[in-house]
Amino acid sequence: MSHDLDPRAGLRETLPIVFSYFGICFAIGVIAQTNGFTPLLVLLLSLFVYAGSVQFVIIGLLASQSPILAIFGAAFLVNARIILMSLTVAPHFHEQKLWKNILMASLLTDETFALAMNKANYTGSKLTFRWFYPAALPPYLMMIGASMSGALLGRYIPDPEQLGLDFAIVAMFIGLVYLQLSADRTLDRRLQTIMVAIVFVFIYIGLIFIPANLLILVVTLVGCLLGVVLKHVFF
Amino acid sequence: MSSFEYTLVTIIGCGLITWLSRVLPFILLKKFTLSDRVLEFLSFVPIVIMSALWFSNLFTQDLGHLPRLNLENFLASVPTLISAIISKNLLVIVAVGIVSLAVIRVILA
């Protein structure tokens with residue numbers, strides 16, 4: 001991760017996201033196609049709903065004939081963590097133009113958020129449109145292209161998971177966790193390491209009784225709250 | 001409504017919900033500032049969310065029962081983490097991750 005906030009750095013630093021989106025978005029295209037989505041509908045799904053978890057919800061709940069309001073509710077809850085990410089990353093941008101802020105926020109995902117927060121560790125916590133937009137647009141284009149490829153080629157690939165590409169996103173989060181630990185100076189490193197351990201326990205226990213696609217949101221809310229308490233009591 | 005139109009309405013509705021969830025907080029913060037308490041809470045969001053997204057992939061859910069270990073992802077995480085420590089380069093980490101999982105699937109198969 002460089003200290004530069006220019007478009008070239010953005011394009012370069014987003015490559016891992018672009019590659020890792022290929023696998024998951026291709027898989028979404030395949031799954032949508034096997035659930036009766038035409039390539040046109042897959043294209044519209046990718047264009048309008050830039051959130052893999054929500055796309056899975058839409059495909060799954062439409063297939064099970066859920067009422068439309070239930071799908072809207074699930075879409076909101078599954079993706080509600082993006083509200084926290086949006087609140088967290090926004091103060092790092094000092095961009096005044098409304099349209100630029102809307103363009104940037106529209107391309108915020110788990111991954112572009114994590115990349116931006118890591119980047120902020122190297123730039124004195126400052127982020128710019130010039131860096132973020134070139135970093136955030138290619139993953140969106142990859143998502144559209146890969147899901148379309150999945151929709152068109154899916155019938156020829158019996159089990160896309162076999163390729164191992166689905167692990168790319170997990171690998172990226174492993175890297176991002178490590179980079180966050182080694183570079184973030186706003187929080188004590190020991191406290192951050194303790195938080196990682198706490199999150200592990202929360203995820204394990206939470207999986208017993210909280211549906212997986214809601215768990216991230218619950219763990220984030222409870223985990224951050226506990227983090228604030230720990231910081232005040234021990235650090 | 002045809003099934004195409006029904007799906008389209010669902011997509012557009014969900015698209016609007018996800019879009020507003022990212023855009024509204026972002027632009028509201030141009031008008032308002034958050035209290036120190038809230039900012040402190042939010043300072044934990046990156047590390048908590050990133051590790052939650054990792055760990056949730058290490059288990060398979062079985063509601064009402066203990067989660068089962070996803071052995072493939074668990075084992076593949078080890079070389080991936082080592083590559084993170086050595087390289088500090090996301091592209092290398094992602095590549096090592098994909099290759100690790102593929103190799104582990106071959107060994108376990």
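Predicted model: local features only at pLDDT ≥ 70, side-chain atom pairs only at ≥ 80, totals over all residues.

Let me begin with Arg190(A) and Asp188(A), whose side chains meet in a salt bridge at 3.4 Å from N to O; by salt bridge I mean a side-chain nitrogen of Lys or Arg within 4 Å of a carboxyl oxygen of Asp or Glu. Arg190(A) is exposed, with a relative accessible area of 57%, whereas Asp188(A) is partly exposed at 31%. The cut-offs behind those words are under 20% relative accessible area for buried, over 50% for exposed, and partly exposed in between, with a 1.4 Å probe and protein chains only.

Residues are numbered from 1 along each chain as its sequence is written, chains are lettered from A and ligands numbered from 1 in the order in which they are written, and side-chain values use heavy atoms, with hydrogens and water left out.

Over all chains, the structure holds six salt bridges. Another of them joins Arg81(A) and Asp110(A) at 2.6 Å, N to O, and this pair links distant parts of the chain, since Arg81(A) sits in helix 6 (residues 81–89) and Asp110(A) in helix 8 (residues 110–120), 29 residues apart. The helices here are DSSP runs of H or I, at least four residues long, numbered from the N terminus. Both Arg81(A) and Asp110(A) are buried.

Which residue of chain B does Lys231(A) pair with in a salt bridge? The partner is Glu40(B), with the closest N and O atoms 3.3 Å apart, and this is the one salt bridge that the rule finds across the interface of chain A and chain B. Lys231(A) is partly exposed, with a relative accessible area of 25%, and Glu40(B) is buried, at 15%. Salt bridges that share partners join Lys231(A), Arg37(B) and Glu40(B) into one network.

That brings me to the interface as a whole. The contact, meaning heavy atoms within 4.5 Å, takes 98 residues from chain A and 66 residues from chain B. Together the two chains bury about 7600 Å², 80% of it on carbon and sulfur atoms, where buried area is the accessible area (1.4 Å probe) that two parts lose on being put together, summed over both. Phe167(A), Ile174(A) and Tyr178(A) supply 9% of the area that chain A buries against chain B, which is more than any other three residues.

Finally, let me turn to Leu115(A), which has its place in helix 8 of chain A. Is this residue buried or exposed? Leu115(A) counts as buried, because its relative accessibility is 2%. Leaving aside neighbours within four places in sequence, Leu115(A) is in contact with residues including Met1(A), Ile17(A), Trp131(A) and Leu176(A), and also with Leu90(B) from the other chain. The C-alpha atoms of Leu115(A) and Gln180(A) are separated by 9.6 Å, although the two residues are 65 apart along the chain.

Conventions: Helix = DSSP H or I, 4+ residues; strand = E, 2+ residues; numbered from the N terminus.
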